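Here is a short briefing on the structure below.

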Amino acid sequence: MAEPAAITGWGLIGASTIAREHMIGAIRAQPGHDVVAVASSSEARAQAFAAQQKIPAAYGSVAALLADPAVQAVYISTTNELHLEQTLAAAAAGKHVLCEKPLALRIEDAEAMVKACRAAGVVMATNHHLRNSATHHKIRDLVRGGAIGRPLFARVFHAVFLPPHLQGWRIRRPDAGGGVVLDISVHDVDTLRFILDADPVDAIAMPQSASLAQASLEDGVMAVLRFGNGVLAQLHDAFTVKYAGTGIEIHGEAGSVIGRNVMTQRPVGDVLLRNAEGDHPIPVVHENLYVRGVAAFCNAVRGQGRPAATGEDGIRSLAAALAIAESQRTRAAVSIRRD
């Protein structure tokens, strides 16, 4: 009788909402992969989470999880200020790393994370889920294929309402990277980088603290980015808007491509191409964003291709988000750090 295939075991660093709602299912959807351990700063929380999610092992420390030989890869979804230390520890333990965005609170820390994983010979990726959306892949294909001519402008509408169960550190803790810029704007930047195949070079922004944010944090922002290919992009991000809907638009010399209800974790939304001949709905075959992203990561671990968003992608999106945050403080345009 043949031996059963070996399971690639994942450890969850952080018993988080996103792990529960999206990532555990995405990992278990991959053939030969399973979640085998979870760690939390509260061992009781880890044990309760493990029991609920049918995870075999629960730990009260990251060190204990990394010492588990059943763990070959980790998904990090703790608060942002912890990502650096946890990624460095995972790399030292020889574990592959899929880390939530933003990678860190400073560019230098994000660079150190990527360098440590490279030196350890493990795969590192950033969990920028939106670039895995079928709608954004379709928009990217249209732009790259010349359907709108030379891109000139972009607009992103990502003003939503932060649900009460997520309103903790995001609106109260600057030390953890709270605020809408590091939570939402960083996603917009990565999505635009993916679609335009270009990096932002300058940022200017104005913040708003309307009703949720505390401790000098912002719960809304409007920003403009200039990309290296000349595109000007407008971002509208918020935690406080209940009914706006989300979307992304890319406007070019020969047409526009418009995505509606696409800045979301769910596999939904519509894409429209508008040009001199009129409006053309574009067929989209939706798929789970997280399953697609984890599949790319697992392939990379096997030496097949690259993660959907690499550690370097995480550095570049963080650099732009930090420039937006700096512009909010200084009320001046900020050049975005590039390699």
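This is a predicted model. The briefing starts with an open, parallel sheet of six strands.

**The six-stranded sheet**
- The strand order is β3-β2-β1-β4-β5-β6, and the pairing is parallel.
- β3 (57–59) and β6 (124–126) are the edge strands. Each has a single partner strand, so one side of each has no neighbour in the sheet.
- On average, neighbouring strands of this sheet are turned by 25 degrees against each other, direction ignored.
- Within the sheet, β4 (residues 73–76) pairs with β5 (residues 96–99) in the parallel sense, over four bridges.
- Val74 has Val97 of β5 opposite it.

**Antiparallel strands β8, β9 and β10**
- β8 (residues 200–208) and β9 (residues 220–227) run antiparallel and are joined by eight bridges.
- Ile204 has Val224 in β9 as its bridge partner.
- β9 also runs antiparallel to β10 (residues 232–238), with seven bridges between the two.
- Here Arg226 is bridged to Leu232 in β10.
- Four residues lie between the strands in the β9 and β10 hairpin. In that hairpin, Gly230 takes a positive phi near 95 degrees.

**Antiparallel strands β12, β13 and β14**
- β12 (residues 256–260) is joined to β13 (residues 270–275) by five bridges, and the two run antiparallel.
- The bridge partner of Val257 is Leu273, in β13.
- β13 pairs with β14 (residues 278–282) as well, again in the antiparallel sense and over five bridges.
- Val271 is partnered by Ile282 in β14.
- The hairpin between β13 and β14 has two residues joining the strands.

**Nonpolar cores**
- The largest nonpolar core holds 75 residues. Leu65, Val74, Leu192, Leu225, Ile248, Ile250 and Ile324 have the most contacts inside it.
- α8 gives this core its largest share, ten residues.
- A separate, second core has 26 residues. Among them are Ala15, Ala58, Tyr290 and Val294.

- Ser185 sits in α8 (residues 180–196).
- Buried or exposed? Ser185 counts as buried, because its relative accessibility is 0%, against a cut-off of under 20%.
- Which residues does Ser185 contact, neighbours within four places in sequence left aside? They are Val180, Val221, Asp237 and Ile324.
- Ile324 is also one of the residues with the most contacts inside the largest core.
- Ser185 and Gly269 are 84 residues apart in sequence. Their C-alpha to C-alpha separation in space is 19 Å.

Technical notes:
Residues numbered from 1 in each chain as written. Predicted model: local features only at pLDDT ≥ 70, side-chain atom pairs only at ≥ 80, totals over all residues. Heavy atoms only, no water. Pairing = 2+ DSSP bridges. Buried < 20%, exposed > 50% of the residue type's maximum accessible area, 1.4 Å probe, protein only. Contact = heavy atoms within 4.5 Å. Core = buried A, V, L, I, M, F, W, Y, C linked by side-chain atoms within 4.5 Å. Axes fitted to C-alpha atoms, helices over the stretch in contact; angles between N-to-C directions.
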